Amino acid sequence: MNNLTNNNIDDTKTSSIGNTSCEAILPTVPLKSLSEIEKSIQKKYRSELWSPFIRGLKEFEMVKDGDKIAVAISGGKDSLLLSKLFQELKRASKTNFELVFISMNPGFNEVNLTNLRKNLEHLEIPCEIYNDNIFEVAEKIAKDYPCYMCAKMRRGSLYTKAASYGCNKLALGHHLDDVIETTLMSIFYMGKFETMLPKLKADNFDIELIRPLFYVEEKSIIKWIRNNGILAMNCGCTVAAGKTSSKRRETKELIADLVKNNPDIKKRIIQSAQNVNLEKILGWKTSEGKFSYLK
């Protein structure tokens with residue numbers, strides 16, 4: 001797999017995998033051995049991947065003795081890295097916890113499924129792939145804009161599968177850029193300030209959702225994937241081609257422009273979500289209702 005030898009391959013070519021059009025992150029070298037891939041996490045990419053991963057775990061107390069953690073694998077770059085980080089943590093940590101790897105097939109085509117199985121096999125990730133035809137259902141329920149419904153249904157499916165294994169935590173592969181983009185999008189397009197939390201309790205399950213890549217930048221994940229020759233799934237959705245909102249892409253491009261003049265802008269945005277001055281806001285809301293300093 002991945003007999004790619006052209007080191008000049010563009011990492012943002014368009015992919016038709018999954019019958020959609022999306023930016024593809026392609027490897028620039030042939031697929032490396034498992035030992036090389038694993039060593040790169042602790043060696044070459046230690047400061048970019050391992051250290052921020054450990055920082056997030058410690059700062060937000062995501063992993064504790066007795067935890068049984070379900071790691072959700074979508075087949076994309078983020079969840080594949082997350083799985084390998086957790087395997088490294090299991091080997092290196094004195095904390096006593098269990099890992100379960102789960103991957104939901106919401107309706108991927110055979111090309112994506114085959115590639116996912118090959119990646120799991122090469123990376124030695126013992127993962128159950130289970131079927132849940134969410135793509136088709138989401139399209140029927142919300143034909144024009146199926147993405148929100150699909151995401152909600154996928155989360156519920158993962159909670160259910162994790163609970164069936166007796167897990168008390170579900171780990172997802174959202175990274176620093178996801179957090180920052182979501183924060184700005186809430187301001188720009190939803191008229192509120194909120195962010196993607198590093199951990200939160202599920203509403204209908206006795207499970208805590210955790211995001212261990214909270215401090216890991218997407219560009220570092222892309223470098224790890226490309227330079228290890230891993231062909232991760234770029235876009236597996238078979239129903240949302242042409243329907244996905246462009247707002248996240250616009251926000252991503254805005255942040256990229258801001259970083260050119262202020263390299264610390266991402267750090268400042270994250271800090272703002274941790275440093276809210278309650279004496280200088282116009283109002284706030286909780287589950288109990290809305291409150292205002294103007295009244």
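**Figure 1. Thr 183 in helix α7 of the predicted model**. Thr 183 counts as buried because its relative accessibility is 2%; buried means under 20% relative accessible area, exposed over 50%, and partly exposed in between, with a 1.4 Å probe and protein chains only. Thr 183 sits in helix α7; helices (H or I, at least four residues) and strands (E, at least two) are DSSP runs numbered from the N terminus. Beyond the neighbours within four places in sequence, Thr 183 is in contact with Phe 193, Glu 194, Thr 195 and Ile 269, where contact means heavy atoms within 4.5 Å. In this predicted model, local features need pLDDT of at least 70 and side-chain atom pairs count only at pLDDT 80 or more, while totals for chains, interfaces and linings use all residues. Residues are numbered from 1 along each chain as its sequence is written, and side-chain values use heavy atoms, with hydrogens and water left out.

**Figure 2. Asp 78 and Gly 173, two positions of an annotated binding site**. The unreviewed UniProt entry places the feature "binding site" at Ala 72, Ile 73, Ser 74, Asp 78, Ile 102, Gly 173 and Asp 178; UniProt positions are given in the numbering used here, feature names are shortened, and annotations may be inferred rather than shown by experiment. Asp 78 belongs to helix α3 (residues 77-92) and counts as buried because its relative accessibility is 15%. Gly 173 lies in the loop between β6 (169-171) and α7 (176-190), and at 14% relative accessibility Gly 173 also counts as buried. Not counting residues up to four places away in sequence, Asp 78 touches Gly 173, His 175, Leu 213 and Ile 221.

Figure 3. Of its 19 lining residues, Lys 192, Phe 193, Gly 283, Trp 284 and Lys 285 are the closest to the centre. On a 1 Å grid over the protein atoms alone, a cavity is a set of points where a 1.4 Å probe fits but cannot get out, and a pocket is an open set with protein on both sides within 12 Å along at least five of seven lines; lining residues have an atom within 4 Å of a point. Strands β9 (283-286) and β10 (289-292) each supply at least two lining residues, and β9 gives the most, with four.

**Figure 4. Glu 61 and Glu 124, two loop residues with positive phi**. Glu 61 has a phi of about 50 degrees and lies in the loop between α2 and β3 (68-72). At 46% relative accessibility, Glu 61 counts as partly exposed. Glu 124, in the loop between α4 and β5 (127-131), has a phi near 55 degrees. At 54% relative accessibility, Glu 124 counts as exposed.
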